[in-house]
Amino acid sequence: MICTVIQNKTAAQIEEILQHVEMAEIRLDRCSLTDSETETCFESDVPLVATCRVSEVMASDPSLSEIKAASLCEERLCRAIKAGARYVDVEVEAPKYMSKRVRSCAQENGTVFIKSFHDFSGTGSREELKSVVEKCLHIGADIVKIVTTARTADEAERVLSLYDEFAPENLIAFSMGDAGRESRMQCLAKGAPYTYAALTEEDAAAPGQWSAAEMSSALYGGRRFIDATLTIPSSKSFAQRAIIAAALASGVSRLSGYSACGDNESAISVARSLGAEVREDGSCLEIKGIAAEPGCLEINSLHTGESGLLTRLMIPLLPVLSTSPVRITGDRTLLGRPMKGAGEMMSCFGISLESESDDCRIPLTVSGPVRTGQTEISGKHGSQLISGLLMSLPLAGKYSKITVKDPKSIPYMFITLDVMKKFGVKAGSEMQGGNDFMESGGDWSLCDEIIFKIRPGQRYRAADFAIEGDWSSAANFLVAGAVFGKVTLEGLDTTSLQADLSVMDILMEAGASLSQTGGNTGPVTVQRAPLTAFTVDASNCPDLFPIISVLAAFCQGTSRISGVGRLAHKESDRGKAILDMLHRMGVEARTDGDVLEIEGHSLTSRLLEGRLLKGGRYTSCHDHRMVMALKVAELGADGPVVIDDTECVAKSFPTFFELFGKL
């Protein structure tokens, strides 16, 4: 990315400039800003570097001692950090006590700490330059900036050769002077997070510096970056659970914020098959429930469409509700997806599953009666059947206690409990784990056991329920904004229980610029910033795998995403589908046990090195999430990405292409 240096400007001028740059360095030693103006400036969504050189402050006021000048610089930089500066730059010549305090402030506030070295007299030997980088890294620099004066092309190349020794994402190295001019661009090709340019030719801070307009033209040509405001559809995780709960309730429930999709429509069909009356009025559903109690139905068959969640919710519910065995049928990809572990888990509760296939595929017949009591089960096959048990066992006549060992997709179980509570049905829960879990304050990924305590004889009651926006759908547009421009999303709740809210944490770790206005349900904005590799355990949010794999392809360095084992029995063998997609697009990727490792390169590096992703014909494997990931990847491809089956996106997000077109 191009960081525009802003100096000798007023607060009003800076505000105007920030409307037109992708990132900027604010020279606090050369811009006369009040404390409040500094704070306002660094609240910007534009990634900003705060710089304040001790030598410059002393030069502007010769009466200041080094101690006083350093104190002023420290105060200004820490104020910028606390206001939201993405980066803070401290020169190697700065007093150690000042540097240490600024670094500590940066660490406390999540700001990237840059240690910078400038040689205006020439370029040292390669070993001397390496020594400077190593020293800066040793004292805690996140990024080392090396800028020397090059008199020859060889000297400029010497500086660039540092990228052969150090991780590019941790280094900004180029040369000043006419001989070093091209190195300012070439450092981006090597993988530097960003480079520097002057606001205009007249504003150049050093010899050989490009103007921002000139560099942008050379780097991006006519490339356009996305900029859009979109409203995200409702969460099908919440919608399907709420529809079924409303169908089981006594009275009339009203579900607002509803968005139609294949899986949600299947849930409505199931509700009607159970005997509920459903009226659709735009984004509102009105559902008159059946006042469910044990043995209240006698049905022989139930069709669950293509929804794995809906199927797994109904498997434990049907033996409680129906006096006779029920045959469950489905469509399309659901027919090829084994209900792995379902037979073993259900047998613990006296529920029998009969399938024509050896690996328990749809169609299958489910029958009871249901056995309650104390039961220990494995959660390694996911949360959906457990969610079905949580919804069904409160209706039964006896107390139940379920101990889930090695739980997966934990957030979805708590979504189920949350929806149940809205409809008057409660279950107690207790998460347990080792010392790491206790010290983390309850990190889901460190939980190794959950105990659910379920009081019998409960009944669902009608409720008015607002369905929140879908983070699974939002993730695709958030990644698009983080890599290719700017996107603002409406309709989301950042206090949500949805597992895919984790995309926000992943983007922040990667370095994306994120902000929210108007409280927890206000618009969320993400925009381009230098992106670096991330490490995440996606076991609890497996639906994010396709899109964060695309994100990783544009994050400099090696990203590691664990939880691949959760992907084998999605709408496709999603782990294999992702790996095939990445390889065909020219991205180095591999699996190591349960971990997907992806070698990423920044968008600017890909542009300069001719390493954009490869367009062409791709298969979605009839998987809606692969379709969305492929379309986002197309934004960084060298040609169109043609997908064999795009209609499958209607399963979860039928308006995806309409919204994507607005980018």
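This is a predicted model: local features need pLDDT of at least 70, side-chain atom pairs count only at pLDDT 80 or more; totals for chains, interfaces and linings use all residues.
**Cysteines**

I started at Cys105, which is buried at 6% relative accessibility (buried is under 20% relative accessible area, exposed over 50%, partly exposed in between, with a 1.4 Å probe and protein chains only). I number residues from 1 along each chain as its sequence is written, and side-chain values use heavy atoms, with hydrogens and water left out.

How many disulfides does a search of the whole structure find? I got zero, taking a disulfide as a pair of cysteine sulfur atoms within 2.5 Å. For Cys105, the closest cysteine sulfur belongs to Cys78 and lies 3.7 Å away, so it is too far for a bond. Cys348 is partly exposed, at 29%. Its closest cysteine sulfur is in Cys360, 14 Å off, again too far for a bond.

**Rings**

Next I went through the aromatics. My pairing rule takes rings of Phe, Tyr and Trp (its six-membered ring) with centres within 6.5 Å; planes under 30 degrees apart are stacked, over 60 edge-to-face, and the rest tilted. That gives twelve aromatic pairs. One of them is Tyr220 with Phe225, edge-to-face, with 4.9 Å between centres and 85 degrees between planes. Tyr220 is buried at 8% relative accessibility, whereas Phe225 is partly exposed at 28%.

I also found a cluster joined by ring pairs: Phe477, Phe653, Phe656, Phe657 and Phe660.

Then I looked for charges over rings, meaning NZ of Lys or CZ of Arg within 6 Å of the ring centre and within 35 degrees of the ring normal. Arg181 has its charged end over the ring of Trp210, 4.3 Å from the centre. Arg606 does likewise over Phe554, at 5.4 Å.

**Largest pocket**

I used a 1 Å grid over the protein atoms alone: a cavity is a set of points where a 1.4 Å probe fits but cannot get out, a pocket is an open set with protein on both sides within 12 Å along at least five of seven lines, and lining residues have an atom within 4 Å of a point. Points join across faces, edges and corners, and a volume is the space filled by probe spheres set on them.

The largest pocket holds about 800 Å³. Of its 27 lining residues, Leu18, Gln19, His20, Val21 and Val46 lie nearest the centre. Elements supplying at least two lining residues each include β1 (2-6), α1 (11-17) and α9 (212-220); these are DSSP runs numbered from the N terminus, helices being H or I of at least four residues and strands E of at least two. The lining divides into twelve nonpolar, eight polar and seven charged residues, with Ala, Val, Leu, Ile, Met, Phe, Trp, Tyr, Cys and Pro as nonpolar, Asp, Glu, Lys and Arg as charged, and the others, Gly among them, as polar.

**Cavities**

I count two cavities of 30 Å³ or more.

Which element gives the largest share of its lining? I find α17, with three residues. The lining includes Ser472, Asp500 and Arg625, and splits into five nonpolar, two polar and three charged.
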